[in-house]
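Biologist: I'd like to learn how to read a model like this one, feature by feature. Could you walk me through it?

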Amino acid sequence: MEKFTVLKGVAAPLLVPNIDTDRIIRIERCAGVPRERQGEYLLEMMRLNADGSENPEFVLNQPPYREAKILLAAENFGCGSSRENAVWALMGWGLRCVIAPSFGDIFFGNCFQNGMLPIRLSTVSVERLAAGVGADARDAVLTVDLERQRIVTAKGEEIVFEVEPLRRRMLLEGLDEIGLTLEHEGEIAAFQSRDRIERPWLYARDGG
């Protein structure tokens, strides 16, 4: 998994509450589109018109937000079904961080498992960031520093955020749950060796 240390990029404001995983990516795209292409269908019900053309009013279709790496969202982002594809679609577009007052619980966990950073901030803080990045294209860049747990605006304002320590470490080191487990590979092997001696009947069928 790609490490997440410091992310500097354009932040796109999308302050629409209760954007669920079905709106992030439709169910038929989950089954019919390979993972590496799911970003093409991100938020298509909002981003595209009925004829498939771009909706010019939608934020991700406007410069400089086409190149966004950070999404500023409203409360309950990623609610709805437990659809890991929602995270894949966001990352396929190029996003690595979503900042919102609250998230759907399963979506929140899926972000960490795929190398995306979800940050919870107060509604007031998110709205202030959104107002800043929407005022001028030069101010649209934010820096998200996971090591220091700070968001830095283009004008130098810093906002502190919190991330659970183990999840923070996993992102900083690029570890998923399997990688985290494999850090204890030596201890696991030692246990198995002892267990073969203490309970040999459990291993009789595997050639041990």
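Biologist: Let me start with one side chain: is R199 buried, partly exposed or exposed?

Modeller: Keep in mind that this is a predicted model. R199 has 34% relative accessibility, so it counts as partly exposed. Its side chain meets that of D195 in a salt bridge, at 2.8 Å from N to O. D195, with a relative accessible area of 6%, is buried.

Biologist: Which residue forms a salt bridge with R83?

Modeller: A salt bridge here needs a side-chain nitrogen of Lys or Arg within 4 Å of a carboxyl oxygen of Asp or Glu. R83 forms one with D22, and their closest N and O atoms are 3.1 Å apart. This pair links distant parts of the chain: R83 lies in the loop between β2 and α4, D22 lies in helix α1, and 61 residues separate them. R83 is buried at 11% relative accessibility, whereas D22 is partly exposed at 31%.

Biologist: And how many salt bridges are there in total?

Modeller: The count comes to 13. R150 and E158 make one of them, at 3.7 Å from N to O. R150 is partly exposed, with a relative accessible area of 25%, and E158 is partly exposed too, at 41%. There is also a network of salt bridges that links R26, E28, R29 and E44.

Biologist: What about a charge without a partner: how far is D139 from the nearest side chain of opposite charge?

Modeller: With the cut-off at 4 Å, look at the distance to K155: it is 4.1 Å, and D139 is buried yet has no salt bridge. D139 sits in the loop between α6 (123–135) and β5 (141–145). Leaving out residues up to four places away in sequence, D139 touches G132, V133, A154 and K155.

Biologist: Now the sheet. In what order do the strands lie?

Modeller: Seven strands form an open sheet in the order β4-β3-β2-β1-β5-β6-β7, with mixed pairing. β4 (117–120) and β7 (158–160) stand at the edges with a single partner strand each, so one side of each has no neighbour in the sheet. Neighbouring strands are turned by 30° against each other on average, direction ignored. I99 stands opposite I119 in β4.

Biologist: Which residues have the most contacts inside the largest nonpolar core?

Modeller: They are F77, L90, L117, V144 and I151, in a core of 55 residues. Strand β1 (residues 6–14) gives the largest share of this core, with five residues. Take L90 as a case: beyond residues up to four places away in sequence, L90 touches I24, L42, L71, F77, L95, V98, F107 and M116.

Biologist: Which residues of helix α4 are buried?

Modeller: In α4 (residues 85–93) they are N85, A86, V87, W88, A89 and L90. These buried residues pack against α1 (21–24), α2 (27–32), β2 (70–73), β3 and α5 (105–113). After α4 comes G94, with a positive phi near 120°.

Biologist: To step back, what does the whole chain look like in numbers?

Modeller: The chain has nine helices and seven strands. Of its 208 residues, 44% are buried. Its C-alpha trace spans about 70 × 40 × 25 Å along the principal axes.

Definitions and conventions: Residues are numbered from 1 along each chain as its sequence is written. This is a predicted model: local features need pLDDT of at least 70, side-chain atom pairs count only at pLDDT 80 or more; totals for chains, interfaces and linings use all residues. Side-chain values use heavy atoms; hydrogens and water are left out. A nonpolar core is a set of buried Ala, Val, Leu, Ile, Met, Phe, Trp, Tyr and Cys residues joined through side-chain atoms within 4.5 Å. Buried means under 20% relative accessible area, exposed over 50%, partly exposed in between (1.4 Å probe, protein chains only). Helices (H or I, at least four residues) and strands (E, at least two) are DSSP runs, numbered from the N terminus. Contact means heavy atoms within 4.5 Å. Lys and Arg count as positive and Asp and Glu as negative; His and the chain ends are not counted. Two strands pair if DSSP finds at least two bridges between them. Axes are lines fitted to C-alpha atoms, for helices over the stretch in contact, and angles run from 0 to 180 degrees between N-to-C directions.
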